[in-house]
Amino acid sequence: MPVPLAPYPTPPAPFTVPPNGAQSQLVCSGCRNLLLYPVGATSVCCAVCNAVTPVPPPGTEMAQLVCAGCHTLLMYIRGATSVQCSCCHTVNLAMEANQVAHVNCGNCRMLLMYQYGARSVKCAVCNFVTSVGASPSTIEQKFST
């Protein structure tokens, strides 16, 4: 006598992209790749490492910086004063745009960012130390948002 088969469970409805196609981004908690996801998602599964990264609550303003130790892109909640890199554990100073200034390296001309008010900045490319605000030829620009 044949055994009746149970019906397959109904699959969950797939997440649909909002009509306007709005997307946001965050950094994977596993491999640190940048992930794009549709606005409204609560978590994102990385296609590279399969790590599931929770999405911050709506309205949470995020900022990003490049780690000074390993050059990994880090994302953090805006307003934090420091961010520890999960790859190399370097503690990075997180500054708002109006707290930083820019100057070109005195040796290789690379554009450098430094804390506004500092007397000098060391270039990460050539290790040259550029004095800022010390001579009229040094151009310093303060950015504010």
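In the hairpin of strand 1 and strand 2, which leaves 6 residues between the strands, Arg32 takes a positive phi near 70°. Strands here are DSSP runs of E with at least two residues, helices are runs of H or I with at least four residues, and both are numbered from the N terminus. This is a predicted model, in which local features need pLDDT of at least 70 and side-chain atom pairs count only at pLDDT 80 or more, while totals for chains, interfaces and linings use all residues. Residues are numbered from 1 along each chain as its sequence is written, and side-chain values use heavy atoms, with hydrogens and water left out.

**Hairpin and overall fold**

- Strand 1 (residues 23-27) and strand 2 (residues 34-38) run antiparallel and are joined by 5 bridges, where pairing requires that DSSP finds at least two bridges between two strands.
- Within this pairing, Gln23 stands opposite Pro38 in strand 2.
- The protein has 0 helices and 13 strands.
- Of the 145 residues of the protein, 24% count as buried, meaning under 20% relative accessible area, with exposed set at over 50% and partly exposed in between (1.4 Å probe, protein chains only).

**Thr72**

- Thr72 is found in the loop between strand 5 (62-66) and strand 6 (73-77), and it counts as buried because its relative accessibility is 16%.
- Leaving aside neighbours within four places in sequence, Thr72 is in contact (heavy atoms within 4.5 Å) with Arg32, Leu65, Val66, Cys67 and Cys87.

**Annotated segments**

- The UniProt annotation "domain: Zinc finger LSD1-type", from an unreviewed entry, covers residues 28-52, 67-91 and 105-129; UniProt positions are given in the numbering used here, feature names are shortened, and annotations may be inferred rather than shown by experiment.
- Over residues 28-52 the chain is 0% helix and 36% strand, with the end C-alpha atoms 8 Å apart.
- Over residues 67-91 the chain is likewise 0% helix and 36% strand, and the end C-alpha atoms are 8 Å apart.

**Cysteines**

- The structure holds 0 disulfides, a disulfide being a pair of cysteine sulfur atoms within 2.5 Å.
- Cys28 is in no disulfide, and the nearest cysteine sulfur, that of Cys49, is 3.5 Å away; Cys28 is buried, with a relative accessible area of 0%.
- The closest cysteine sulfur to that of Cys126 is in Cys105, at 3.6 Å, which is too far for a bond, and Cys126 is partly exposed, with a relative accessible area of 27%.
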